[in-house]
Amino acid sequence: MSCGNWMIMGAIIWLLLQGQAPYPAVLNVLLVAAVAGVITHVPAGLGVLEAVFIALLAHRVPEWQLIAGLLGYRALYYIA
């Protein structure tokens, strides 16, 4: 069930990024961001998730689109 949850989280971000990065890359970056969030002890990984995505995917997706997609992800996943 946990694997399915992570895959859905990755799929939401991938859809919000309009498929500009491959799904496996988005899923890998999401998992790295989750580990970074645990290491930094920041509540809900605020800022950590965004920083990791920008650091690892900025060469494939424009930064503004990454931020917009991640804000949309936070709204969809945490509110819904």
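Residues are numbered from 1 along each chain as its sequence is written, and side-chain values use heavy atoms, with hydrogens and water left out. Because the model is predicted, local features need pLDDT of at least 70 and side-chain atom pairs count only at pLDDT 80 or more, while totals for chains, interfaces and linings use all residues.

The largest nonpolar core contains 19 residues; such a core is a set of buried Ala, Val, Leu, Ile, Met, Phe, Trp, Tyr and Cys residues joined through side-chain atoms within 4.5 Å. Buried denotes under 20% relative accessible area, exposed over 50%, and partly exposed in between, with a 1.4 Å probe and protein chains only. I13, V26, L49, F53 and L57 have the most contacts inside this core. At least two core residues come from each of α1 (2-16), α2 (23-40), α3 (48-57) and α4 (63-79), where helices are DSSP runs (H or I, at least four residues) numbered from the N terminus. In soluble globular proteins, nonpolar side chains tend to be buried together. V26 illustrates the contacts: leaving aside residues up to four places away in sequence, V26 touches G10, I13, W14, L17, A21, F53 and L57, a contact being heavy atoms within 4.5 Å.

The pairing of α3 with α4 can be described geometrically. These helices pack at an angle of about 145°, with their axes 10 Å apart; the axes are lines fitted to C-alpha atoms over the stretch in contact, and angles run from 0 to 180 degrees between N-to-C directions. From α3, the residues L49, E50, F53, I54 and L57 meet E63, L66, I67, L70, Y73 and R74 of α4. By class, this contact has eight nonpolar, no polar and three charged residues, with Ala, Val, Leu, Ile, Met, Phe, Trp, Tyr, Cys and Pro counted as nonpolar, Asp, Glu, Lys and Arg as charged, and the others, Gly among them, as polar.

The structure holds one salt bridge, defined as a side-chain nitrogen of Lys or Arg within 4 Å of a carboxyl oxygen of Asp or Glu. E50 and R74 form this bridge, their closest N and O atoms being 2.8 Å apart. The pair links distant parts of the chain, helix α3 and helix α4, across 24 residues. E50 is buried at 13% relative accessible area, and R74 is buried at 11%.

Most residues other than glycine have a negative phi. Q18, though not a glycine, has a positive phi of about 60°; Q18 is found in the loop between α1 and α2 and is exposed at 60% relative accessible area. H41, likewise not a glycine, has a positive phi of about 60°. H41 lies in the loop between α2 and α3 and counts as exposed at 68% relative accessibility.
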